[in-house]
Amino acid sequence: MTTYITLDEIRAAQRRLAGVAVRTGLHRVSPERLRAAGIEGLPFELYIKAESEQPIGSFKLRGAYNRIAQLSAEELGRGVITYSSGNHAQGVAYAARALGAKAVIVMPEDAPAIKREATTALGAEIVLVGPASSERKARAERLAAAHGYTVIPPYDDPAIVAGQATCGIEILEQLGVLAGGEAPSQRPGAGGPGGGLAILSPVSGGGLLSGIATGVKLATADLPCSVEVWGVEPELAADAKQSFDTKTLVEWPAAMTTRTISDGLRTQSVGVVNFAHILRFVDGIATVSEDEIVAAMRVMPAATGLVAEPSGAVTLAAALFHHAELPRCAKLVAVLSGGNLEPELRHELEAGLAASASAEWRVGV
């Protein structure tokens with residue numbers, strides 16, 4: 001029998017994260033800035049939840065800290081280990097340093113240099129392996145058995161899910177659906193029955209999507225508002241969509257998932273814990289093309305002033321190019337999961353922005 005995380009566990013995670021993780025901004029994107037970026041015709045107010053504003057540049061700090069903060073002094077003394085392509089690596093390294101524990105990170109050899117360097121700068125020891133996510137997990141488990149480290153999974157763990165769920169609770173608070181905290185400068189209002197709110201989260205292993213969906217649905221269960229939570233992933237790494245549509249957990253080979261530019265979304269399968277929560281609380285999963293991801297990366301700074309890594313841009317891509325496939329809503333929140341962009345890719349993006357300053361993107365109708 002599946003045991004689901006509770007709203008009490010999510011609130012406890014909020015308390016642990018206070019003063020560690022940032023309450024990131026929820027930024028309304030003005031129609032004027034969208035038009036200036038070549039975007040017209042969106043049938044909803046668009047908001048960006050900027051998890052790129054976290055100290056490590058991504059949402060991963062939430063789950064990593066919530067998990068490590070619950071270890072005993074003895075476990076902290078032995079150290080922690082994880083397997084990650086980069087953002088979770090930084091989350092574990094940051095949390096371990098804050099809590100006085102050694103951190104070992106198993107990373108793929110093709111992980112972006114900026115993420116490897118940032119993880120090392122946080123004091124973690126890095127072990128490099130091949131590109132398959134299954135290989136990273138196996139090496140971490142062997143090292144943990146040999147040295148007594150505690151494994152901190154990137155997503156397949158209830159404490160990780162509860163930590164990531166705090167992002168969803170923040171969105172509801174910032175929209176005025178729930179009480180608590182300060183509202184953004186352009187407060188969108190609570191929305192009422194039939195007003196319609198949709199939240200889009202990237203999905204790879206499923207930690208963020210399962211967390212946001214669980215937190216949002218539990219927190220609004222007794223409220224007169226309509227909220228749908230959808231996942232978004234690349235077409236080239238669409239194992240989560242296949243799993244969701246068939247209601248059967250599937251695994252894609254690394255040779256397929258590594259084709260996408262979105263390095264943070266190359267996980268071969270959704271986690272078991274995450275999949276159970278996704279089936280219960282998520283409303284749908286959409287996919288986007290590589291060209292759409294790149295287009296969204298170009299629109300993001302032009303329309304918002306924010307920078308998105310490819311994995312963080314998939315939600316905006318879905319909002320811009322696939323909104324006909326999404327639920328009808330008055331307000332849509334695209335979660336920008338991370339902004340750790342490789343310098344070379346940033347340069348290419350900026351060059352593309354200059355070249356396409358007068359271009360108009362076709363959005364879904």
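**Figure 1. L122, a loop residue with a buried side.** In this predicted model, L122 is buried, with a relative accessible area of 14%; buried means under 20% relative accessible area, exposed over 50%, and partly exposed in between (1.4 Å probe, protein chains only). L122 sits in the loop between α6 (113-121) and β5 (125-129). Helices (H or I, at least four residues) and strands (E, at least two) are DSSP runs, numbered from the N terminus. Leaving out residues up to four places away in sequence, L122 touches I56, Q90, A93, Y94 and R97, where contact means heavy atoms within 4.5 Å. The C-alpha atoms of L122 and V92 are separated by 9.4 Å, and these two residues are 30 apart along the chain.

A note on reading these views: residues are numbered from 1 along each chain as its sequence is written, and side-chain values use heavy atoms, with hydrogens and water left out. Since this is a predicted model, local features need pLDDT of at least 70 and side-chain atom pairs count only at pLDDT 80 or more, while totals for chains, interfaces and linings use all residues.

Figure 2. K115 is found in helix α6. Is this lysine buried or exposed? K115 is buried, with a relative accessible area of 0%. Neighbours within four places in sequence aside, K115 is in contact with S85, G86, N87, Q90, M107, D263, E309 and N340.

Figure 3. Two strands pair if DSSP finds at least two bridges between them. Strand β3 (residues 80-83) pairs with β6 in the parallel sense over two bridges, and the bridge partner of V80 in β6 is T150. Axes are lines fitted to C-alpha atoms, for helices over the stretch in contact, and angles run from 0 to 180 degrees between N-to-C directions.

**Figure 4. The six-stranded sheet.** This open sheet has the strand order β1-β2-β10-β7-β8-β9, with mixed pairing. Its edge strands are β1 (26-29) and β9, each of which pairs on one side only. From one strand to the next, the twist averages 25°. β2 and β10 pair in the parallel sense over six bridges, and L46 stands opposite L332 in β10. Helix α9 (residues 207-219) packs on the sheet and touches β7, β8, β9 and β10; its direction makes about 175° with that of β8.

**Figure 5. Strand β7, viewed with its partner β8.** Six of the six residues of β7 are buried, so this strand is largely enclosed by the rest of the structure. L197, I199 and S201 point one way from β7, while A198, L200 and P202 point the other way. β7 and β8 run parallel and are joined by six bridges. Look for L200, which stands opposite W230 in β8.

**Figure 6. The largest nonpolar core.** A nonpolar core is a set of buried Ala, Val, Leu, Ile, Met, Phe, Trp, Tyr and Cys residues joined through side-chain atoms within 4.5 Å. Which of the 39 residues in the largest core touch the most other members? They are L46, I48, L200, L316 and L332. β2 (45-50), β7 (197-202), β8 (227-234), β9 (284-288), α13 (290-304), α14 (310-321) and β10 (331-336) each supply at least two residues. Helix α14 gives the most, with eight residues. Not counting residues up to four places away in sequence, L316 touches L46, I48, A296, V299, M300 and A334. A second, separate core of 36 residues includes Y47, L172, I278 and V333.

**Figure 7. Where α13 crosses α14.** The axes of these two helices come within 7 Å and cross at roughly 95°. α13 and α14 are therefore roughly perpendicular to each other, a label used for angles of 65 to 115 degrees; under 35 counts as roughly parallel, over 145 as roughly antiparallel and the rest as oblique. E292, I293, A295, A296, M297, V299 and M300 in α13 meet P310, A313, V314, L316, A317, L320 and F321 in α14.
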